[in-house]
Amino acid sequence: MNIKIIDIKTIPTDSEGQLSFFEANKDFDFDIKRIYYITEVAKGIKRGAHAHKKLKQLLWCPIGSIKIYLENIWEKEEIILDSPAKGLVIEESLWRDMLWMKNDSVLCVAASDYYDADDYIRDYDEYLRYIESNV
Ligand code: T46
(Lines give C-alpha, C1' and ligand atoms only; values in the text may rest on other atoms or scores of the structure.)
Protein backbone atom coordinates (compact mmCIF):
# COMPACT_ATOMS: atom_id res chain seq x y z
CA MET A 1 0.00 0.00 0.00
CA ASN A 2 1.21 3.53 -0.80
CA ILE A 3 1.65 4.66 2.78
CA LYS A 4 4.57 5.40 5.07
CA ILE A 5 4.82 6.17 8.78
CA ILE A 6 7.43 8.81 9.50
CA ASP A 7 9.01 10.00 12.73
CA ILE A 8 8.45 13.74 13.00
CA LYS A 9 11.48 15.13 14.82
CA THR A 10 10.31 16.33 18.23
CA ILE A 11 12.74 17.99 20.61
CA PRO A 12 12.46 19.31 24.14
CA THR A 13 13.10 23.05 24.26
CA ASP A 14 14.84 25.21 26.88
CA SER A 15 11.61 26.89 27.72
CA GLU A 16 8.79 24.55 28.71
CA GLY A 17 7.45 22.14 26.11
CA GLN A 18 8.66 20.54 22.92
CA LEU A 19 8.92 21.50 19.27
CA SER A 20 8.21 19.29 16.25
CA PHE A 21 9.30 19.87 12.67
CA PHE A 22 9.58 18.23 9.25
CA GLU A 23 10.96 19.30 5.90
CA ALA A 24 9.42 18.70 2.49
CA ASN A 25 11.52 16.61 0.11
CA LYS A 26 13.66 15.43 3.03
CA ASP A 27 11.23 13.72 5.38
CA PHE A 28 8.85 12.84 2.49
CA ASP A 29 8.98 13.08 -1.29
CA PHE A 30 6.75 15.96 -2.36
CA ASP A 31 6.53 19.74 -2.21
CA ILE A 32 3.88 21.23 0.07
CA LYS A 33 1.39 23.50 -1.69
CA ARG A 34 -1.35 23.55 0.95
CA ILE A 35 -1.81 23.03 4.66
CA TYR A 36 -5.16 22.50 6.33
CA TYR A 37 -6.32 21.28 9.72
CA ILE A 38 -9.56 19.99 11.18
CA THR A 39 -10.69 21.06 14.66
CA GLU A 40 -13.70 20.94 16.98
CA VAL A 41 -14.73 17.38 16.10
CA ALA A 42 -16.35 15.23 18.81
CA LYS A 43 -15.25 11.72 19.74
CA GLY A 44 -16.95 9.05 17.59
CA ILE A 45 -17.33 11.23 14.48
CA LYS A 46 -16.12 9.78 11.18
CA ARG A 47 -15.00 11.93 8.27
CA GLY A 48 -13.46 11.11 4.92
CA ALA A 49 -15.17 8.49 2.74
CA HIS A 50 -13.25 9.47 -0.35
CA ALA A 51 -10.06 8.87 -2.31
CA HIS A 52 -7.78 11.21 -4.23
CA LYS A 53 -6.67 10.53 -7.78
CA LYS A 54 -3.31 12.29 -7.54
CA LEU A 55 -2.93 14.13 -4.23
CA LYS A 56 -0.22 13.08 -1.77
CA GLN A 57 -0.53 14.09 1.86
CA LEU A 58 1.21 13.98 5.21
CA LEU A 59 -1.24 13.62 8.12
CA TRP A 60 -0.44 14.13 11.77
CA CYS A 61 -2.37 14.62 14.99
CA PRO A 62 -0.51 16.86 17.47
CA ILE A 63 -3.35 16.78 20.01
CA GLY A 64 -5.63 13.80 20.72
CA SER A 65 -6.09 10.55 18.85
CA ILE A 66 -7.50 9.81 15.39
CA LYS A 67 -7.76 6.42 13.70
CA ILE A 68 -7.16 6.43 9.95
CA TYR A 69 -8.71 3.62 7.88
CA LEU A 70 -7.12 3.09 4.46
CA GLU A 71 -7.93 0.66 1.72
CA ASN A 72 -7.50 -0.21 -1.90
CA ILE A 73 -8.91 -3.28 -3.65
CA TRP A 74 -6.17 -5.52 -2.27
CA GLU A 75 -5.42 -4.36 1.27
CA LYS A 76 -6.80 -2.56 4.33
CA GLU A 77 -4.81 -0.76 7.04
CA GLU A 78 -5.68 1.02 10.28
CA ILE A 79 -3.26 3.55 11.72
CA ILE A 80 -3.70 5.53 14.93
CA LEU A 81 -2.26 9.03 14.95
CA ASP A 82 -1.85 10.08 18.56
CA SER A 83 1.45 11.91 18.87
CA PRO A 84 3.11 15.07 17.54
CA ALA A 85 6.03 12.82 16.61
CA LYS A 86 4.09 10.49 14.28
CA GLY A 87 3.25 11.28 10.66
CA LEU A 88 1.42 9.27 8.01
CA VAL A 89 2.25 9.80 4.34
CA ILE A 90 -0.62 8.77 2.07
CA GLU A 91 -0.03 8.60 -1.63
CA GLU A 92 -2.64 8.63 -4.39
CA SER A 93 -5.60 6.30 -4.99
CA LEU A 94 -6.37 5.16 -1.44
CA TRP A 95 -9.85 5.23 0.03
CA ARG A 96 -9.76 6.81 3.52
CA ASP A 97 -11.91 7.35 6.59
CA MET A 98 -10.87 9.12 9.78
CA LEU A 99 -12.42 8.33 13.17
CA TRP A 100 -12.06 10.78 16.07
CA MET A 101 -11.06 8.69 19.12
CA LYS A 102 -11.00 11.66 21.54
CA ASN A 103 -12.94 14.92 21.69
CA ASP A 104 -11.24 17.85 19.99
CA SER A 105 -8.39 15.87 18.45
CA VAL A 106 -6.72 17.97 15.78
CA LEU A 107 -5.97 16.54 12.33
CA CYS A 108 -3.28 18.44 10.41
CA VAL A 109 -2.49 17.82 6.76
CA ALA A 110 0.29 18.98 4.43
CA ALA A 111 -0.79 18.39 0.83
CA SER A 112 1.14 18.15 -2.43
CA ASP A 113 -1.31 20.33 -4.36
CA TYR A 114 -3.92 23.09 -4.19
CA TYR A 115 -7.53 22.22 -3.43
CA ASP A 116 -9.18 20.63 -6.45
CA ALA A 117 -12.66 19.13 -6.08
CA ASP A 118 -12.07 17.14 -9.30
CA ASP A 119 -9.26 15.18 -7.64
CA TYR A 120 -11.75 13.63 -5.17
CA ILE A 121 -13.65 10.38 -5.72
CA ARG A 122 -16.50 10.35 -3.20
CA ASP A 123 -18.49 7.40 -4.54
CA TYR A 124 -17.13 4.00 -3.47
CA ASP A 125 -18.27 2.11 -6.59
CA GLU A 126 -16.72 4.81 -8.79
CA TYR A 127 -13.52 4.42 -6.76
CA LEU A 128 -13.42 0.66 -7.41
CA ARG A 129 -13.92 1.25 -11.15
CA TYR A 130 -11.20 3.93 -11.09
CA ILE A 131 -8.71 1.62 -9.35
CA GLU A 132 -9.44 -1.27 -11.70
CA SER A 133 -8.88 0.83 -14.80
CA ASN A 134 -5.91 2.91 -13.54
CA VAL A 135 -3.66 0.56 -11.61
C1 T46 B 1 -8.50 14.37 3.08
C2 T46 B 1 -8.83 14.25 4.52
C3 T46 B 1 -7.72 13.68 5.35
C4 T46 B 1 -11.81 23.23 0.80
O5 T46 B 1 -12.56 24.09 0.31
N6 T46 B 1 -10.45 23.36 0.73
C7 T46 B 1 -9.59 22.44 1.25
O8 T46 B 1 -8.36 22.61 1.17
C9 T46 B 1 -10.14 21.27 1.87
C10 T46 B 1 -9.24 20.19 2.45
C11 T46 B 1 -11.52 21.14 1.93
N12 T46 B 1 -12.32 22.10 1.41
C13 T46 B 1 -13.79 21.96 1.51
C14 T46 B 1 -14.39 20.81 0.74
C15 T46 B 1 -15.65 20.49 1.53
O16 T46 B 1 -16.70 21.33 1.10
O17 T46 B 1 -14.12 21.69 2.89
C18 T46 B 1 -15.26 20.87 2.98
C19 T46 B 1 -15.01 19.67 3.86
O20 T46 B 1 -14.08 18.80 3.21
P21 T46 B 1 -14.18 17.21 3.32
O22 T46 B 1 -15.58 16.81 3.52
O23 T46 B 1 -13.44 16.64 2.13
O24 T46 B 1 -13.37 16.94 4.66
P25 T46 B 1 -12.78 15.55 5.16
O26 T46 B 1 -12.39 15.75 6.57
O27 T46 B 1 -13.70 14.41 4.86
O28 T46 B 1 -11.46 15.31 4.25
C29 T46 B 1 -10.34 16.14 4.40
C30 T46 B 1 -9.79 16.54 3.02
O31 T46 B 1 -10.82 17.17 2.25
C32 T46 B 1 -9.28 15.35 2.26
O33 T46 B 1 -8.50 15.80 1.17
O34 T46 B 1 -7.73 13.58 2.54
O35 T46 B 1 -9.30 15.47 5.12
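# A tour of the ligand site

Select β4 (34-38), β5 (46-52) and β10 (95-100): each of these strands supplies at least two residues of the shell around the ligand. The model on screen is predicted. Keep β5 highlighted, since the next stop concerns that strand. With 4 residues, β5 gives the most to this shell.

The ligand is surrounded by 13 residues, and the closest are Arg34, Arg47, His52, Tyr120 and Arg122.

**Contacts with the ligand**

- Select His52: one of its polar side-chain atoms is 2.6 Å from an oxygen atom of the ligand.
- Select Arg47: an N or O atom of its side chain lies 2.7 Å from an oxygen atom of the ligand.
- Select Arg96: here a polar side-chain atom and an oxygen atom of the ligand are 2.9 Å apart.

How much of the ligand does the protein bury? On its own the ligand exposes 650 Å², and the protein buries 69% of that.

**The pocket**

Hide the ligand and look at the space it took. That space is the largest pocket. The largest pocket holds about 210 Å³ of space.

Which residues lie nearest the centre of the largest pocket? Select Tyr36, Ile38, Gly48, His50 and Met98 to see them; the lining has 14 residues in total. Next, show the strands that give two or more residues to this lining: β4, β5, β6 (57-63), β10 and β11 (106-111). β5 gives the most to the lining of the largest pocket, with 4 residues.

Finally, colour the lining by class. The lining of the largest pocket has 7 nonpolar, 4 polar and 3 charged residues.

To end the tour, bring back the ligand and select β5 again. This strand gives the most both to the shell around the ligand and to the lining of the largest pocket.

Conventions: Residues are numbered from 1 along each chain as its sequence is written. This is a predicted model: local features need pLDDT of at least 70, side-chain atom pairs count only at pLDDT 80 or more; totals for chains, interfaces and linings use all residues. Side-chain values use heavy atoms; hydrogens and water are left out. A residue is near a molecule or strand if one of its heavy atoms lies within 4 Å of it. A polar contact is a pair of N or O atoms within 3.5 Å; within protein, one must be able to donate a hydrogen and the other to accept it, and residues adjacent in sequence count only if both atoms are side-chain atoms. Accessible areas come from the Shrake-Rupley method with a 1.4 Å probe; for residues, only the protein chains shown count as cover. On a 1 Å grid over the protein atoms alone, a cavity is a set of points where a 1.4 Å probe fits but cannot get out, and a pocket is an open set with protein on both sides within 12 Å along at least five of seven lines; lining residues have an atom within 4 Å of a point. A molecule sits in a cavity or pocket if more than half of its atoms lie within 2 Å of its grid points. Grid points are joined across faces, edges and corners, and a volume is the space filled by probe spheres set on the points. Ala, Val, Leu, Ile, Met, Phe, Trp, Tyr, Cys and Pro count as nonpolar, Asp, Glu, Lys and Arg as charged, and the others, Gly among them, as polar.
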